[in-house]
Amino acid sequence: MTTGDVVAAVARYGLAGSRLSLPAQPLPSAAWAATLERVEEQRVSGFLVEAIEDGAFPVTDDQAQQAADVHIRSMHVALALERFLVDVVRALEFRGIDYRVLKGSAYAHLVYDDPAFRSFGDIDILVPSGQYDKAVAVLRDQGAHRRVPELHRGFDRRFGKGGTFVVPSGHEIDLHRTFVFGPFGLNVRLADLFATSATFVVGEHELLALGAEERLMHACFDAALGARRPRLVPLRDVAQMVLHTALDREKVERLCVDWQAEAVVATAIRLAWETFALADVVPLSVWARQYELDHREEAALSLYTSRLSYSAQAAAALPSIPGLRAKAAYLRALTFPAGAPKRRLGDRLRRISHGARVYLPRVGRA
Amino acid sequence: MRGRSRGRWVRGPSVLWRYVPGGILLLAPGADDPVLLSGSGAAVWQLLAEPLQEEDVIETLARACAVEATVVAADLRPLLDEMAARELVVPVR
């Protein structure tokens, strides 16, 4: 049993129907140290301490204390981030900016029985495109600065996913206007995200999150497109929602079609089922298993999961941008980013054309 | 025997918290570091989800622990004072 096997079994703890097994005996010290390090890195300490408390993961007293220490550190971060989240949301509300809290705190309170199961390391907030610049101003008022400069003035609001901001306390906030950069992000119908909501309470504050079906859609985007190698927590989020959240399946199917995101959702659910060896068969998992990706979908997914660069995603997004003028503005922003030294513009042109070359032949095979 | 009534208490509304192994982790407004409540402190936090008279908290804990109310009161009052000083609990007016 490798460290990866043990940590995957930890991350699925509490899900019905998983065939992954936890160790039957306490791990030797080196294997335990590696496991604990991976648990902390993957932010699954909530499931570990639950498995230990239930007696499902036998450990020594020292190991139990070490796991508790890791989890307490993780929960300290979560609480500090939630306090920051409340401050940000109050400032957005004061300026009349609509918002939805994504992932982290929202999932902790809405998706899991106990918010302590879900650790997180930053906060994510979605705002309408039309209010994006105003939301940026709110963050700047709080002393936040962008981690990476905007490509071109107004780029994020029109074409981007959003930006990552860092506040003086060191906390990070991802301010989104859509879920991901590139073609899949541009195909999301942003108005759908603000048509419904769910509420959760942090302290004495009621906060807004996405509605249940839109939340599942975002979890699938995060699991399938968020990293080259799928991370355990997003996959757990997907499995948790599919198995334990009341969902309107017809609405999920409609969103998949409207956002051209069947491939994303099917891939995320399939990955979750494979990673956690889930035997439970529910209509969505059956649909995901049977869904066949075409070449175009495989090519688009590979932009997010292979080593292909940002420029390839950028090139692939072009067909999803409506209108010639907008396409031209998009290309201009990519080619001549604000503040870039002139000597680098040639490199950038080459990178974008390389992105187009890498992506377009793949699509061409469809 | 139970001393002068000090009124009702409730959790501080802005306190953020999580269950963790061995107790409850609380982050009070303005505090940088969290507080880990265990044992009777955790029990008090759970009881004060709704406003309660201090005497009712004492009686509930005394029954649960099968000890004299006076013994519980002697421990509880400094604990509540400490929690109030940290804004973890607040008096209900």
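What follows is a short chat about a predicted model of one protein chain.

Reader: What should I know before I look?
Author: The model is predicted, so local features need pLDDT of at least 70 and side-chain atom pairs count only at pLDDT 80 or more, while totals for chains, interfaces and linings use all residues. Residues are numbered from 1 along each chain as its sequence is written, chains are lettered from A and ligands numbered from 1 in the order in which they are written, and side-chain values use heavy atoms, with hydrogens and water left out.

Reader: How many helices and strands does chain A have?
Author: Chain A has 18 helices and seven strands. Helices (H or I, at least four residues) and strands (E, at least two) are DSSP runs, numbered from the N terminus.

Reader: And how much of chain A is buried?
Author: Of its 366 residues, 54% count as buried. Buried means under 20% relative accessible area, exposed over 50%, and partly exposed in between (1.4 Å probe, protein chains only).

Reader: Which residues of helix 1 are buried?
Author: In helix 1 (residues 3-11) of chain A they are A:Val6, A:Val7, A:Ala8, A:Ala9, A:Val10 and A:Ala11.

Reader: What do they pack against?
Author: They pack against helix 2 (29-42), helix 3 (45-53), helix 11 and helix 13 (262-275) of chain A. Contact here means heavy atoms within 4.5 Å.

Reader: New topic. At what angle do helix 10 and helix 11 pack?
Author: Helix 10 (residues 212-225) and helix 11 (residues 232-244) of chain A pack at about 150°, with their axes 8 Å apart. Axes are lines fitted to C-alpha atoms, for helices over the stretch in contact, and angles run from 0 to 180 degrees between N-to-C directions.

Reader: Parallel or antiparallel?
Author: Helix 10 and helix 11 of chain A are roughly antiparallel, a term for angles over 145 degrees.

Reader: Which residues of helix 10 make the contact?
Author: A:Arg215, A:Leu216, A:Ala219, A:Cys220, A:Asp222 and A:Ala223.

Reader: Is A:Arg100 buried or exposed?
Author: A:Arg100 is buried, with a relative accessible area of 4%. A:Arg100 lies in strand 1 (residues 100-102) of chain A.

Reader: What does its side chain make a polar contact with?
Author: The side chain of A:Asp98, at 3.0 Å. A polar contact is a pair of N or O atoms within 3.5 Å; within protein, one must be able to donate a hydrogen and the other to accept it, and residues adjacent in sequence count only if both atoms are side-chain atoms.

Reader: Last one: where is A:Gln260?
Author: A:Gln260 is in the loop between helix 12 (249-258) and helix 13 of chain A.

Definitions and conventions:
Angles under 35 degrees count as roughly parallel, over 145 as roughly antiparallel, 65 to 115 as roughly perpendicular and the rest as oblique.
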